[in-house]
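Hi,

Here is the structure I promised to send over.

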Amino acid sequence: MRVLCLDIEGGYGGSSRSLYESIRHVGDKASVEVWCRKDGPVRQRYEAIGVPCRVTPEMPHISSLPRFSRNLYIYSRFALGWPSSAAFRDELAKAVAERFDVVHFNHEGLFLLLGSLRSRLGPGRAMTMHVRTYLPSTVFSRWQYRTIARNADRLVYITENERDRVSALAGRDVPGAVIYNIVSTPEKPVVPDRSLAADKRFKVAVLSNYAWIRGVDRVVDVACALRRQRRSDVLFVMAGDMALPKSLPGALGETARQGGSLEDHARDRGVAYMFRFLGHVPEPESVLAACDVLAKPTREYNPWGRDILEAMALGKPPLSVGAYDRFIEHGETGLLTAEFDAVEWAREIARLADDRGRRAAMGKSAVKRVANLCDGPDRARDLVGLWRSALDEVRA
């Protein structure tokens, strides 16, 4: 079975890292080739395991946003740029027709490319897609999911949440399977970042580029609550691009329009001493290894991202917001609150700082949880089985 995987990233994002982990465990069960839209560290990793990997920056991708006006803007821009991807789409169709049995689209942002390839090749090739994000309930999202449902033979959902979301917005169940992202427990201990390890404060890692929906700015409110509680023994370690969009409301927007970042916002609030801003970190494992917990104060209520799973695999209990507790079980593998409350979060972090044994116990439970649910060989076997069933169906 010859499989072509299309990746919109190059190893820096969670979807790209997850695809690599899956392919790493496929072994000889399928012959896999990967095309990445961006160059990055994953290309060398594929080469190291003997998987051909190309960089194809012309690969078109787009995904729906919450605001109607923003969707009109991005889809208009996409339509204008679509003709420039014609040569890539021709090359893709030719390669699939000549060399591949299955095409796996690693992100729902490739839904229009999926539809284009399906219209050119018809039903003779199996086409599968990973659904990795929880799209907002808009007319654009419904169109996106319905396009996917019409053209994909099977879908891979990273949790039950994405499966239910697709069914609700597409208006019907779509064949596929829930396959949790693979997260491997390190074979040898990860070396902690030395500069962080030297700081003996209780360290809270935040691994995300700034976006309003991700809630990264909320940790500044938590730091202010800790200051009011007279706690000075907590350090927030921020890994990622913390530039603030100028369209943000309130004080954040004012800081952004003056050319400031989240670091400047923390300074304006008087809590800069509780933060380390690292910028982009190529290998975030060393940051996690030097910290005690991970914080993901998301406004999307999605406590199941790759950063959470990787933290759990390293024995670092995550703190997040939402109701889905398959991974973060409150008080067992981490801390999960139904809603975000900065004061409550500050109290929970202070309790963990005062009881390192409790933190360690939750970390051990977290490692066991992801080892069970996110096992590499088992989840890769599930993915290969899905590819095989889709191929058998189209051949029949």
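Arg43 and Asp39 form a salt bridge, with 2.7 Å between the closest N and O atoms. Please keep in mind that this is a predicted model. Arg43 counts as partly exposed because its relative accessibility is 23%, and Asp39, at 41%, is partly exposed as well.

In one of them, Arg120 forms a salt bridge with Asp90, and the closest N and O atoms are 2.8 Å apart. This pair links distant parts of the chain: Arg120 sits in helix α5 (residues 111-121) and Asp90 in helix α4, 30 residues apart. Arg120 is partly exposed at 42% relative accessibility, and Asp90 is partly exposed with a relative accessible area of 41%.

The other pair is Arg2 with Asp101, where the closest N and O atoms are 3.0 Å apart. Here too distant parts of the chain are linked, with Arg2 in strand β1 (residues 2-7) and Asp101 in the loop between α4 (86-99) and β4 (102-105), 99 residues apart. Is each partner buried or exposed, or in between? Arg2 has a relative accessible area of 36%, so Arg2 is partly exposed. Asp101 has 9% relative accessibility, and therefore Asp101 counts as buried.

As background, side chains of opposite charge can pair when their charged atoms come close. A search of the whole structure gives 30 salt bridges. Some of the residues involved form a network, in which Arg17, Glu285, Arg306 and Glu310 are linked by salt bridges.

How many cavities of 30 Å³ or more does a search of the whole structure find? There are 2. The largest cavity holds about 60 Å³, and its lining is made up of Ser22, His130, Val156, Ile179, Tyr180, Asn181, Ile182, Arg379 and Leu383. By class, that lining has 5 nonpolar, 3 polar and 1 charged residues.

The second largest cavity holds about 30 Å³. Leu319, Leu335, Leu336, Thr337, Trp345 and Glu348 line this cavity. Two or more lining residues come from each of β13 (335-337) and α14 (342-354), and β13 gives the most, with 3 residues. The lining of the second largest cavity divides into 4 nonpolar, 1 polar and 1 charged residues.

Phe68, Leu72 and Val139 make a nonpolar patch of about 290 Å². Val139 belongs to helix α6 (residues 139-151), and Val139 counts as partly exposed because its relative accessibility is 47%.

Happy to talk any of this through once you have had a look.

Best wishes

Terms used:
Residues are numbered from 1 along each chain as its sequence is written. This is a predicted model: local features need pLDDT of at least 70, side-chain atom pairs count only at pLDDT 80 or more; totals for chains, interfaces and linings use all residues. Side-chain values use heavy atoms; hydrogens and water are left out. Patches are made of residues with over 30% relative accessible area and no salt bridge: like charges are joined within 9 Å, nonpolar side chains (Val, Leu, Ile, Met, Phe, Trp, Tyr) within 5 Å. Accessible areas come from the Shrake-Rupley method with a 1.4 Å probe; for residues, only the protein chains shown count as cover. A salt bridge is a side-chain nitrogen of Lys or Arg within 4 Å of a carboxyl oxygen of Asp or Glu. Helices (H or I, at least four residues) and strands (E, at least two) are DSSP runs, numbered from the N terminus. Buried means under 20% relative accessible area, exposed over 50%, partly exposed in between (1.4 Å probe, protein chains only). On a 1 Å grid over the protein atoms alone, a cavity is a set of points where a 1.4 Å probe fits but cannot get out, and a pocket is an open set with protein on both sides within 12 Å along at least five of seven lines; lining residues have an atom within 4 Å of a point. Grid points are joined across faces, edges and corners, and a volume is the space filled by probe spheres set on the points. Ala, Val, Leu, Ile, Met, Phe, Trp, Tyr, Cys and Pro count as nonpolar, Asp, Glu, Lys and Arg as charged, and the others, Gly among them, as polar.
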